[in-house]
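Thanks for making the time this morning. I would like to go through one structure with you, and I will give the cut-offs as the terms come up.

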Amino acid sequence: DTEVTQTPKHLVMGMTNKKSLKCEQHMGHRAMYWYKQKAKKPPELMFVYSYEKLSINESVPSRFSPECPNSSLLNLHLHALQPEDSALYLCASSPPVAGVARYRYNEQFFGPGTRLTVL
Amino acid sequence: DAKTTQPNSMESNEEEPVHLPCNHSTISGTDYIHWYRQLPSQGPEYVIHGLTSNVNNRMASLAIAEDRKSSTLILHRATLRDAAVYYCILRRGAGGTSYGKLTFGQGTILTVHP
């Protein structure tokens with residue numbers, strides 16, 4: 001299995017709903033990432049998990065809550081979102097660089113994204 | 001993070017070579033130069049990366065200037081499938097806890113004409 005999968009592909013939610021996005025990889029990668037991409041803009045990093053530990057939070061509002069239950073799975077829990085949070089949410093994973101410090105990673109493999117619409 | 005500068009858009013004809021430039025005048029000695037592309041309605045895709053020497057893989061070649069202040073991604077024979085946004089990104093190497101963090105710039109929109 002050489003791909004990153006994301007579910008659902010599309011999600012429409014109201015501002016009072018609670019929903020979750022799921023990302024999975026079975027390539028043995030030890031870093032996993034969440035990005036947000038607005039229309040016609042580049043992806044923006046939200047969170048990084050390294051060896052299942054939250055390592056980077058790019059000052060993301062608390063209505064976005066990441067979770068990494070194991071080395072293959074990454075979730076993004078959503079609560080009380082705003083319409084401006086509508087975007088494509090991308091997950092990525094990366095293998096560690098062999099023989100060096102645990103926080104060194106190479107290329108990232110991206111999933112197809114979840115298109116989120118907040119009404 | 002050091003920044004990169006790329007042209008907003010470029011055009012090419014099918015089966016011709018394409019040279020996509022990237023300027024990164026504030027690059028540090030440990031920054032790797034990464035290229036990703038994003039096809040319409042897809043997630044970004046890794047293309048190639050290098051540090052100092054030119055690099056080749058099945059997708060493209062990366063030519064790095066001797067002073068490392070600029071680089072060029074070379075697609076040897078463009079196809080319609082190569083139409084995408086191409087991102088040149090500097091990724092911090094040794095000496096930092098960046099966890100492979102990528103900071104995307106605006107990228108270059110490549111249009112390929114039949």
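I will take the interface, then the aromatic rings, then the salt bridges, and finally some backbone details.

A word on conventions: this is a predicted model, in which local features need pLDDT of at least 70 and side-chain atom pairs count only at pLDDT 80 or more, while totals for chains, interfaces and linings use all residues. Residues are numbered from 1 along each chain as its sequence is written, chains are lettered from A and ligands numbered from 1 in the order in which they are written, and side-chain values use heavy atoms, with hydrogens and water left out.

Let me start with the interface. The size of an interface is often given as the accessible area lost when the parts come together. Here, buried area is the accessible area, with a 1.4 Å probe, that two parts lose on being put together, summed over both. Between chain A and chain B that area is about 1800 Å², and carbon and sulfur atoms give 57% of it. Pro42(A), Tyr103(A) and Arg104(A) supply 27% of what chain A buries against chain B, which is more than any other three residues. If contact means heavy atoms within 4.5 Å, then 22 residues from chain A and 22 residues from chain B take part.

What about polar and charged links across this interface? For a polar contact we take a pair of N or O atoms within 3.5 Å, where within protein one must be able to donate a hydrogen and the other to accept it, and where residues adjacent in sequence count only if both atoms are side-chain atoms. The rule finds 7 residue pairs in polar contact across the interface of chain A and chain B, both residues being at pLDDT 80 or more. A salt bridge, for us, is a side-chain nitrogen of Lys or Arg within 4 Å of a carboxyl oxygen of Asp or Glu. The count between chain A and chain B is 1 salt bridge, and the side chains of Glu58(A) and Lys101(B) meet in a salt bridge at 3.3 Å, N to O.

Turning to the rings, we pair those of Phe, Tyr and Trp (its six-membered ring) if their centres lie within 6.5 Å, calling planes under 30 degrees apart stacked, over 60 edge-to-face and the rest tilted. Over all chains the count comes to 9 aromatic pairs. In one of them, the rings of Phe64(A) and Tyr89(A) have centres 5.9 Å apart and planes at 35 degrees, so the pair is tilted. With strands taken as DSSP runs (E, at least two residues) numbered from the N terminus, Phe64(A) lies in strand β7 and Tyr89(A) in strand β9 of chain A, so this pair ties together parts that are 25 residues apart in sequence. For accessibility, buried means under 20% relative accessible area, exposed over 50%, and partly exposed in between, with a 1.4 Å probe and protein chains only. Both Phe64(A) and Tyr89(A) are buried.

In chain B, the rings of Tyr36(B) and Tyr46(B) have centres 5.7 Å apart and planes at 75 degrees, so that pair is edge-to-face. Tyr36(B) is buried at 0% relative accessibility.

Glu15(B) pairs with Arg77(B), with the closest N and O atoms 3.4 Å apart. Both residues are in loops of chain B, so the pair ties together parts that are 62 residues apart in sequence. Glu15(B) is exposed at 52%, and Arg77(B) is exposed at 55%. Arg37(B) forms a salt bridge with Glu45(B) at 2.9 Å between the closest N and O atoms; Arg37(B) is buried at 4%, whereas Glu45(B) is partly exposed at 26%. Salt bridges that share partners also join Lys36(A), Arg63(A) and Asp85(A) into one network.

Last, the backbone. Most residues other than glycine have a negative phi, and most peptide bonds are trans. The peptide bond from Thr7(A) to Pro8(A) is cis, with omega near -10 degrees, and Pro8(A) lies in the loop between β1 and β2 of chain A. Tyr51(A), which is not a glycine, has a positive phi of about 50 degrees and is partly exposed at 22%. Arg68(B), also not a glycine, has a positive phi of about 65 degrees, and Arg68(B) is buried at 9%.

Conventions:
Helices (H or I, at least four residues) and strands (E, at least two) are DSSP runs, numbered from the N terminus.
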